[in-house]
Amino acid sequence: MSNRRDIGRTLGIAERTVKAHLTNMTKIDVSSRTEAALFAFAHHCEIHRGEPCPTD
């Protein structure tokens, strides 16, 4: 099983969609999957709720 397939299953999206997002990582100015994951974690509230994430 490919890494993209695992990611897609975890997120509930198609492997092809995962591939497209990984191809477009430069849009969020990251250069690795790790940086993309950290970006997503840091911006989770904005991505899912449309509001700024609280800062602790």
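Guide: Buried means under 20% relative accessible area, exposed over 50%, and partly exposed in between, with a 1.4 Å probe and protein chains only. This is a predicted model, in which local features need pLDDT of at least 70 and side-chain atom pairs count only at pLDDT 80 or more, while totals for chains, interfaces and linings use all residues. Residues are numbered from 1 along each chain as its sequence is written, and side-chain values use heavy atoms, with hydrogens and water left out.

Visitor: Is Glu 15 buried, partly exposed or exposed?

Guide: The relative accessibility of Glu 15 is 27%. That value makes Glu 15 partly exposed.

Visitor: At roughly what angle do the axes of α1 and α2 cross?

Guide: Helices are DSSP runs (H or I, at least four residues), numbered from the N terminus, and axes are lines fitted to C-alpha atoms over the stretch in contact, with angles running from 0 to 180 degrees between N-to-C directions. Helix α1 (residues 3-11) and helix α2 (residues 15-23) are therefore roughly perpendicular, a label that covers 65 to 115 degrees. Their axes come within 8 Å and cross at roughly 105°.

Visitor: Which residues are linked in a network of salt bridges?

Guide: A salt bridge places a side-chain nitrogen of Lys or Arg within 4 Å of a carboxyl oxygen of Asp or Glu. Glu 15 pairs with Arg 4 at 3.9 Å, N to O, and with Arg 5, where the closest N and O atoms are 3.4 Å apart. The network therefore consists of Arg 4, Arg 5 and Glu 15.

Note on methods
Helices (H or I, at least four residues) and strands (E, at least two) are DSSP runs, numbered from the N terminus. Angles under 35 degrees count as roughly parallel, over 145 as roughly antiparallel, 65 to 115 as roughly perpendicular and the rest as oblique.
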